[in-house]
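This report describes the structure displayed below. It treats strand pairing, a helix and the contacts between parts in turn.

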Amino acid sequence: MADLANRTSPLSGFHGGSSTVRLEAAPPAERISLRARAEDVAALSSALGVDLPVRPKASASAHGRSALWLGPDEWLVIAEANGGLMQAAKNSGALHSATDVSHRNTAILVSGPGAAAAINAGCPQDLSLKVFPVGACSRTILGKVEIVLLRTVEDAFRVEVWRSFSDYAFGLLAEGAQDAAV
Amino acid sequence: MLLIHCPYCEEDRSELEFRWAGEAHIARPENISAISDEEFAEYFFLRNNEKGLTYERWRHIHGCGRFFNAARDTVSDRFLTTYKAGMPKQLLPETGASEKTVETYEATEGDAR
């Protein structure tokens with residue numbers, strides 16, 4: 001009998017960093033790309049158990065789920081625990097579009113005092129705490145690839161990237177981490 | 001790096017996050033099957049390509065993903081204002097080219113800041 005297909009993380013076995021930056025592959029998580037009109041946000045928020053933010057660059061976290069504002073009618077919802085996002089969105093009864101992108105994305109956790117400098121090696125955004133505080137999130141670019149950036153604590157970021165680009169993103173962050181330590 | 005103000009993100013962002021999307025405020029004809037070929041060509045193909053103040057659509061494709069409108073000076077490459085899609089044209093004083101219009105590379109270089 002043929003071997004069954006084994007699920008492998010695109011970044012399994014990757015390691016990198018420097019004296020000031022730690023790079024890790026994030027554990028698997030469930031994610032949905034959610035689009036909805038302003039009048040349906042309240043129903044979806046209560047169904048998902050996390051308030052969908054309506055201000056630019058804002059995110060919200062509750063019950064192991066995070067909702068990241070990507071655009072005026074677009075969110076990325078990540079569930080590290082408590083999966084079932086598609087079902088929860090469906091149960092809301094509100095008009096929306098939810099696409100399961102759990103396997104499209106993977107994430108890199110960047111932490112340490114040089115984390116912002118490592119990301120800024122390929123990302124043009126101002127990551128100072130004043131402009132990009134804890135909880136801030138944004139879709140932006142890292143070198144040649146699009147990422148979604150979330151500041152989890154003062155010196156740690158979650159970089160969501162498409163899985164086929166994760167090799168490139170990890171490599172660029174590793175280079176950035178080396179530069180940040182100089 | 002050129003910074004562009006996104007009216008949806010309410011923030012200045014790097015030009016790298018944006019894409020140009022052609023001339024703004026071009027209304028689609030109400031009954032497109034009734035117009036003549038000349039009128040269709042005028043609507044579909046012909047653009048003003050103005051030197052100086054020009055109104056364009058831009059898209060914050062690597063950000064919020066929204067289209068918006070911008071008034072830009074094509075001589076200085078300066079963004080004069082940006083505003084949300086669907087808003088009426090934001091009329092600005094027509095000053096012509098913001099810098100002395102010159103036709104040679106050397107002359108523009110002399111004014112570089």
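## Strand pairing in chain B

In chain B, strand β4 (residues 53–59) and strand β5 (residues 67–73) run antiparallel and are joined by 7 bridges. Within this part of the predicted model, B:R57 has B:N69 of β5(B) as its bridge partner.

These strands belong to an open sheet of 4 strands in chain B, ordered β3-β4-β5-β6, with antiparallel pairing. From one strand to the next, the twist averages 35 degrees.

## Helix α1 of chain A

Which residues of helix α1 (residues 41–48) of chain A are buried? They are A:L44, A:S45 and A:L48. Viewed down the axis of α1(A), the buried residues fall within an arc of 105 degrees and therefore line one face of the helix.

The cover over the buried residues of α1(A) includes the strands β3 (30–36), β5, β6 (74–79) and β7 (96–100) of chain A, as well as α2 (85–91) of chain A. Just after α1(A), A:G49 adopts a positive phi of about 80 degrees.

## Domains of chain A

Chain A is divided into two parts: domain 1 comprises 16–27 + 104–180, and domain 2 comprises 30–100. Taken over C-alpha atoms, the centres of domain 1 and domain 2 of chain A are separated by 23 Å. Their contact takes 9 residues from domain 1 of chain A and 7 residues from domain 2 of chain A.

On the side of domain 1 of chain A that touches domain 2 of chain A, the elements giving two or more residues are β9 and β10 (145–153) of chain A. The largest share of that side, 3 residues, comes from β9(A). By residue class, this side of domain 1 of chain A divides into 4 nonpolar, 3 polar and 2 charged.

## Contact between chains A and B

Between the chains, 12 residues of chain A are in contact with 13 residues of chain B. On the side of chain A that touches chain B, two or more residues are given by each of β5 (65–71) and β9 (137–142) of chain A. Of the elements on this side of chain A, β9(A) gives the most, with 4 residues. The residues of the side of chain A that touches chain B divide into 5 nonpolar, 3 polar and 4 charged.

Key. Residues numbered from 1 in each chain as written. Chains lettered and ligands numbered in written order. Predicted model: local features only at pLDDT ≥ 70, side-chain atom pairs only at ≥ 80, totals over all residues. Contact = placed C-beta atoms within 7 Å. Nonpolar A, V, L, I, M, F, W, Y, C, P; charged D, E, K, R; others polar. Domains from an automatic or database assignment. Buried ≥ 20, exposed ≤ 12 C-beta atoms within 10 Å, placed from the backbone. Arc of directions from axis to C-beta. Pairing = 2+ DSSP bridges. Axes fitted to C-alpha atoms, helices over the stretch in contact; angles between N-to-C directions.
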